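This briefing is meant for a reader who is meeting this structure for the first time. Please look over the sequence and the structure below, and then read on by topic.

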Amino acid sequence: MDRVVKLVAYPPKLEKAKRVAAYARVSCGKDAMLNSLSQQVSYYSDFIQKHVGWEYAGVYADEAKTGTKADRDNFQLLLNECRAGRIDMIVTKSISRFARNTVTLLETVRELRLLNVDVFFQEQNIHSISGEGELMLSILASFAQEESRSVSENQKWRIRHAFEKGELMNWRFMFGYTIEHGKIEVNHEEAEIVREVFQRVIHGESFNAICIDLNNRGIRGIRDGKWRGAHLREFLSNEKYTGNAMLQKCFRNNHLEKRELRNNGELPKYYVTETHPAIISQEEFEAAQAILRAIDVKIANRKHPEKSVFTGKIRCPHCGKNYKHITSNGSSGWNCQTYQMCGKQYCKGKKIPDSTLQRITASVLGMDDFNPDVFSELVDHIEVPKDNVLVFYFKDGRCEERIWEDRSRSMSWTPEMREKARESARRRKYG
């Protein structure tokens, strides 16, 4: 019997619409470039939706971001959508718009290929998922990266050459000044605050006290921010308030990472006088620097106590900060960092005496005396939801609440505090 071969015909499969997204980017935040970005978004929206067989999956755009870095917000969002299986293809103008870092480009393209997501580069007419796609991308991306390096080096040369001639470069904002189109003028309202801060520091007032007062008065710092002790130190160290400028205090490490580093001798610095109007005198500035040096010496000579087992374990649920160990007037305890830095207007955390904290912790652990090793082993953290209340969260999921009573003022005084009070009273009486 002859063998019979029949063709079994299946109904043709319906082509599923390809879900297509686009990526656009401009490398600076100027109005003209942002307008260009808006035009790109409109173009790609129209381009995708008019293409037969494509389903519009959105346009992802980043502004004022560099193509040498992968941490672009919408770029990462686009990749996450691809990983979730919601995009089949990405359309972008060129390799340099997608990434100028060769490693980033190839890693991204390879990951997308494993996800069966194609990237189409219009300018180079390359599909990443094609056989020759990766080879072409490797070559062209290397050119794009070298172009980025060349542009960066030219920019660095221009800025450093300007520094050599004593020209101010890239100075965009500073509290006390108004800077527009390269013109630097004193902001008289802010300048009064600058003079006030320098005078208060020179007269011995603490950084925290000054910051708390300025914040309570509603005076905003640079970029409308809050005043903080760490920022105040930089503020006081800025020679530009004298009308002079130290140029090239910082530099960028390379054209890929673009991290700003402090110049500690890697490049020459240039001190230029009378570059702009002064707010304080040179004498006031030097007096403030003497205060800062004295603080540095005091910190260097300070004996640092052994790290407490409570460090990083006591949390304020109101502002999210950890409690910090403090010592004042001979007594030690713990208080919220926000309260310490900004005052009770921003957080009303109450100080917990060290002895009270250890006594209550020992009680929670069922011990007569506090044992730091047992605490570390069993307790995850402590929260302070309101005054005189501690909530202990254990590593096994349990939690226990404790309420503590304040000691009377007479009970809380140490012998040193009593002696200091007696001496003060004696001086008031006898002079």
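The chain contains 14 helices and 18 strands, in a model that is predicted. Among contacts with a separation of 6 or more, 56% are between residues 24 or more positions apart.

- Strand S3 (residues 89–92) runs parallel to S4 and is joined to S4 by 4 bridges, with Met89 standing opposite Asp118.
- Strand S5 (residues 126–127) runs antiparallel to S4, and the two are joined by 2 bridges; in S5, Ile126 is the bridge partner of Phe121.
- S4 and S5 form a hairpin with 4 residues between them, and Asn125 in the turn has a positive phi of about 55°.

- In helix H2 (residues 73–83), the buried residues are Phe75, Leu78, Leu79, Glu81 and Cys82. These residues lie on the same side of H2, because they cover an arc of only 155° around the axis.
- Just after H2 comes Gly85, which takes a positive phi of about 80°.
- In helix H11 (residues 354–364), the buried residues are Asp354, Thr356, Leu357, Ile360, Thr361, Ala362 and Val364, and the helix is followed by Gly366, whose phi is positive, near 70°.

**Aromatic rings and charges over them**

- The whole structure holds 18 aromatic pairs, one of which is the edge-to-face pair of Tyr23 and Phe75, at 5.3 Å centre to centre and with 70° between the planes.
- Because Tyr23 lies in strand S1 (residues 18–25) and Phe75 in helix H2, this pair ties together parts that are 52 residues apart in sequence.
- Tyr23 counts as buried at 0% relative accessibility, and Phe75 counts as buried at 1%.
- The rings of Phe198 and Phe235 form a tilted pair, because their centres are 6.1 Å apart and their planes are at 40°.
- Phe198 lies in helix H6 (residues 188–202) and Phe235 in helix H8 (residues 229–236), so this pair ties together parts that are 37 residues apart in sequence; both residues are buried.
- Ring pairs link Phe198 and Phe235 with Phe175, Tyr177, Trp227 and Tyr241 into a cluster.
- Arg72 lies over the face of Phe75, at 4.1 Å from the ring centre, and Arg398 lies over the face of Phe394, at 4.0 Å from the ring centre.

Key:
Residues numbered from 1 in each chain as written. Predicted model: local features only at pLDDT ≥ 70, side-chain atom pairs only at ≥ 80, totals over all residues. Heavy atoms only, no water. Contact = heavy atoms within 4.5 Å. Pairing = 2+ DSSP bridges. Buried < 20%, exposed > 50% of the residue type's maximum accessible area, 1.4 Å probe, protein only. Arc of directions from axis to C-beta. Phe/Tyr/Trp six-rings, centres within 6.5 Å; stacked < 30°, edge-to-face > 60°. Lys NZ or Arg CZ within 6 Å of the ring centre and 35° of its normal.
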